[in-house]
Amino acid sequence: MVALPTSLPPQITLFADSDGMHLHLPPSLEWVEAWEQVRHRLQTSRPYWTEGTGVILSLANRELDSEHLQSLATILQHHHLLLHTVQTENRSTAVAAAALGYSVAQIPASTTVQTLEDYRPLVLHTTVRSGTEIQHAGTVVLLGDVNPGGGVFAGGNILIWGRLRGIAHAGCQGDTQAVIMALQLSPTQLRIADHVARAPEGAPPHPIPEVAYLKEGAICIVSAQDFQAVVKTLKGRV
Amino acid sequence: MSRVIVVTSGKGGVGKTTLTANLGAALAQLERSVVVVDADFGLRNLDLLLGLENRVVYTAADVINGECRLEQALVKDKRNPKLALLPAAQARHKLAITAEQMRGVIEELANRHDLVVVDCPAGIEQGFRNAISGATEAVVVTNPEVSAARDADRVVGLLEAAQIRPTQLVINRVRPEMILTGEMMSVEDVEEILAIPLLGVVPEDKEVIVSTNKGEPLVLSGQSHLAAVAIQNIARRLTGETVPFLELDTLNSGFLGRLKKFLNQKVI
């Protein structure tokens, strides 16, 4: 059995609740990487927020200077979001945020870490091109293709409304019940939990939607139509 | 500011420089004032293809280092008065120049010409970042090959991240007879993967090699080679005209090919 990485690198979180939008930058993430992730997330999320929705930025103990705060505010504004509050434990970040005129909430780490929010499904509208990897602790829903050389790594299920030609790794933190669905399943490689499978040689002439799941230690593929029957035989296992 | 089009591919040898030279010449034929910029520092070729090698005095690196004015470095093409070339430095290393410096030069050129066409080096490192730094739009060149398409896909992703729009596709060195026999990726296969608008399809043509060696862009040869017509069509599409795509398979393989295509369409 191939040893697969079972933990995901830290990811930014963007989600909505009754207070508006929340953007969380985990402190362990380098700024350059965090910035790339914010940019990518905003670019690939079809706006489900109304224009001018307020954003609460939570930074835990990350230190951010006013220049970085300003660039975050600018990119949010570009996507019609309005940064208004910065949650931080870091003193100099709080000072920088206050100087820029944002409300500052200095709250301890325990309340700013949104572990549950990390598992919300991630919905993306994009083509995952060669060299791009989508990583998320929960389920990933992708409206678009995964091209060869690209990959989706999810702690939960992977649903691709498009062609899967790259790598998909569902349940990458060990969930053996995770499944991978795609309108066209012709991957470079499929992985579920710590199992790996290659796609059969030669593409089918008429691709149909298919589902990959784990059964007795092997990755199986079934047409989406027949998947319900499989679910029954597996007795609610999936 | 006028349009700055970067011609890029990721993979080397797909025909970036050849396309840039011919596209520059074709755009100049359409009465646009065009500068082609060789951004491939250390491996300059564009001057060879345009037959201007012996007239290069200063290069882009000299302009950036303040050793000459921009007009002094520009090489005007005598056959094509609307076309000028900004040569790359041959001796210097790609890292000697930053993206900001490159953007400065390109912006200055864009203020004085209708179109700036930048020939990007292969790869996705500093040279690539320099070449795209001043671009307002991109043309991604690829061949109907798995490796070229894969690299083009990576480049399209990088261009998207750099917010360079639009990014359009040129599929170069297409051999219709090989597509018909299923030995080569078809135009549709490549389009399906890259999912960006198709700007043109250029067939493989041995005349391209001849014209490269002569230092005379194929579009200026006065003869209507299929590859030249395809590139002229690309130039016209870039200027906003609607030009139908060449029917490469029927042009090249005659009646038999057409019959085969017809049958294939019916069967599949």
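Glu192(B), with 32% relative accessibility, counts as partly exposed, a class that lies between buried (under 20% relative accessible area) and exposed (over 50%), as judged with a 1.4 Å probe and the protein chains only. This is a predicted model, in which local features need pLDDT of at least 70 and side-chain atom pairs count only at pLDDT 80 or more, while totals for chains, interfaces and linings use all residues. Residues are numbered from 1 along each chain as its sequence is written, chains are lettered from A and ligands numbered from 1 in the order in which they are written, and side-chain values use heavy atoms, with hydrogens and water left out.

The side chain of Glu192(B) meets that of Arg165(A) in a salt bridge, with 2.4 Å from N to O; the term stands for a side-chain nitrogen of Lys or Arg within 4 Å of a carboxyl oxygen of Asp or Glu. Because Arg165(A) lies in the loop between β10 (158-164) and β11 (167-170) of chain A, and Glu192(B) in helix α9 (residues 187-194) of chain B, the pair joins two chains. Helices (H or I, at least four residues) and strands (E, at least two) are DSSP runs, numbered from the N terminus. Arg165(A) is buried, its relative accessible area being 14%.

By the salt-bridge rule, the count over all chains comes to 15. Within chain B, Glu108(B) and Arg112(B) form a salt bridge at 2.9 Å, N to O, and both residues lie in helix α5 (residues 99-112), four residues apart, which is about one turn of the helix. Glu108(B) is partly exposed at 35% relative accessibility, and Arg112(B) is likewise partly exposed, at 41%.

Arg236(B) forms a salt bridge with Glu241(B), where the closest N and O atoms are 3.1 Å apart. Arg236(B) is partly exposed at 30% relative accessibility, and Glu241(B) is partly exposed with a relative accessible area of 37%. Elsewhere, salt bridges that share partners join Asp145(A), Arg163(A), Arg165(A) and Glu192(B) into one network.

## A nonpolar patch on chain A

Val123(A), Leu143(A) and Trp161(A) make a nonpolar surface patch of about 310 Å². Such patches consist of residues with over 30% relative accessible area and no salt bridge, with nonpolar side chains (Val, Leu, Ile, Met, Phe, Trp, Tyr) joined within 5 Å and like charges within 9 Å; accessible areas come from the Shrake-Rupley method with a 1.4 Å probe, and for residues only the protein chains shown count as cover. Leu143(A) is found in strand β8 (residues 140-143) of chain A and is partly exposed, with a relative accessible area of 34%.
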